[in-house]
Amino acid sequence: VSQRLQHTLRSGDMVARLGGDEFVLVLSGLQSQEHMLPLVVKIQQSLSQPYFLSGHQLQVTPSIGISMYPKDSLSIHDLLRHADTAMYSVKTGGRNGYSFYDSSMDVTTKERLELESIIRTGLDQQKFFLEYQPQVSGDNQQIFGVEALLRLHGKDGLIPPDTFIPVAEETGQILALGEWVLREACMQAKAWQDMGWKPVVMAVNISAVQLQRIDMVALVSSVLAETGLAARFLELEITERVIMGDSAELIDTLEALRTLGVRLALDDFGTGYSSLSYLKAFPFDVLKIDRSLVQGISTSADDLAITEAVIALGRSMKLEVLAEGVETPEHVRILLEKGCKHMQGYNFSRSLSPAALGKWLMPN
Ligand code: C2E
Ligand code: CA
Ligand code: CA
């Protein structure tokens, strides 16, 4: 990367590697943003060419944040900080892979720092808790499982997981958090069983970061031993996006988890691009059809056709198929007609506190 940057720039420009995957370029004599653009494109093109390292072909997608002197600041320190802020805005949803600093971004940075600190202190201060959403058979409304969903108390009400999970993943906080979720969910499942409630499968969401960075097999087996929950009552949900990367190692991990007796579900299916042949290599038990598809089945012929195909695909691969985001009796009717019995969604129940689950799990 350094060499390519050097070759792209002029001799008076400066390239420095700050650490990790962060580089700083100091470019002089550029009057305006428009003058920057051709150079940005050149840098992007140069860095996006494949890299060949010990027989592997690698790809890099740079996120470029830009601050301008003297418009954005007169101080070196602030120029660097602003460029960093602009780079962050690229990482969280930027379109072009580059972004010019703009003072409105500071608010976002401030909110983000606040969120990081809420997450950091949240476990100790018991700001996190789990709710459980029933998974039912659509034909007879019998519950067979629950999905554990993480909740976080913020200053004014709950913070949605779609907001805090990505931040926890970027900062690595998801590792401690994910471990807490796993332990808490297994403890809860065992406690229900000990109270004589109906034994159901406990589905826990696992982040890609957990699979990449820690030994999930060791963690899962120690949590099961610790809590006394039988492995067959634990299901790990892994999103489709996770399996699209480099996968040989991942397949080994998943096989090992399955050897423990744990069930594996492929989450959010239909949102990514996994192909059929690809899927076959992974040892999943359950295919969860994403709610964006399910919600279209009563209004969009395309969504219905895709959902129908996914159901058929799952069955042909001997997978259980579960539809998420089932909101209306019409959804239920169509899914049953297409051969998908297992469902989860507001039509049956939202996520509930452990106590409120009693009405689903208590005998009689
Ligand atoms: P997900 O795994 O797809 O979880 C299902 C989401 O759909 C939940 O949102 C649930 O409340 C929502 N939902 C369920 N039924 C319906 C329905 O009928 N209609 C609609 N519109 N939505 C429905 P929630 O709780 O906001 O969670 C969002 C995402 O956050 C989850 O999506 C999951 O990706 C992530 N997440 C939640 N808890 C954890 C966790 O403990 N660990 C990790 N890594 N991710 C988690
Ligand atoms: Ca899930
Ligand atoms: Ca899902």
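Predicted model: local features only at pLDDT ≥ 70, side-chain atom pairs only at ≥ 80, totals over all residues.
Biologist: Let's start with ligand 1. Which residues come nearest to it?

Modeller: The shell holds 21 residues, and the nearest are Gln133, Arg151, Arg291, Glu327 and Tyr346.

Biologist: And how do the shell residues divide into nonpolar, polar and charged?

Modeller: Around ligand 1 there are eight charged residues, seven nonpolar and six polar.

Biologist: Which polar side-chain atom distances do you have for the oxygen atoms of ligand 1?

Modeller: Arg291 has a polar side-chain atom 3.0 Å from an oxygen atom of ligand 1. For Asp268, an N or O atom of the side chain is 3.3 Å from a ligand oxygen.

Biologist: What about a nitrogen atom of ligand 1?

Modeller: That's where Gln295 comes in: an N or O atom of its side chain is 3.4 Å from a nitrogen of ligand 1.

Biologist: How much of ligand 1 does the protein bury?

Modeller: The protein buries 87% of the 800 Å² that ligand 1 exposes when taken alone. The space it takes is the largest pocket.

Biologist: Which elements each supply at least two residues of that shell?

Modeller: Those are strands β8 (143–154) and β12 (263–269), plus helix α5 (161–171). The largest share is from β8, with four residues.

Biologist: Switching to the metals. What are the protein donors of the calcium ion that is ligand 2?

Modeller: Glu147 (OE), Asn205 (OD1), Glu237 (OE) and Asp267 (OD), at 2.1 to 2.3 Å from the ion. Along the chain, the donor residues are spaced E-x57-N-x31-E-x29-D.

Biologist: Which parts of the chain does the pair Glu147 and Glu237 tie together?

Modeller: Glu147 is in strand β8 and Glu237 is in strand β11 (residues 234–239), so the pair ties together parts that are 90 residues apart in sequence.

Biologist: How far apart are the two calcium ions, and which residue coordinates both?

Modeller: They're 3.9 Å apart, and Asp267 coordinates both.

Terms used: Residues numbered from 1 in each chain as written. Chains lettered and ligands numbered in written order. Heavy atoms only, no water. Near = heavy atom within 4 Å. Polar contact = N/O pair within 3.5 Å; in protein donor to acceptor, adjacent residues only side chain to side chain. Areas by Shrake-Rupley, 256 points an atom, 1.4 Å probe, with all protein chains shown as cover. 1 Å grid on protein atoms, 1.4 Å probe; cavity = no way out; pocket = protein on both sides within 12 Å on 5 of 7 lines; lining within 4 Å. Sits in = over half its atoms within 2 Å of the grid points. Nonpolar A, V, L, I, M, F, W, Y, C, P; charged D, E, K, R; others polar. Donors = N, O, S within 2.8 Å, 3.2 Å for Na, K, Ca; no water.
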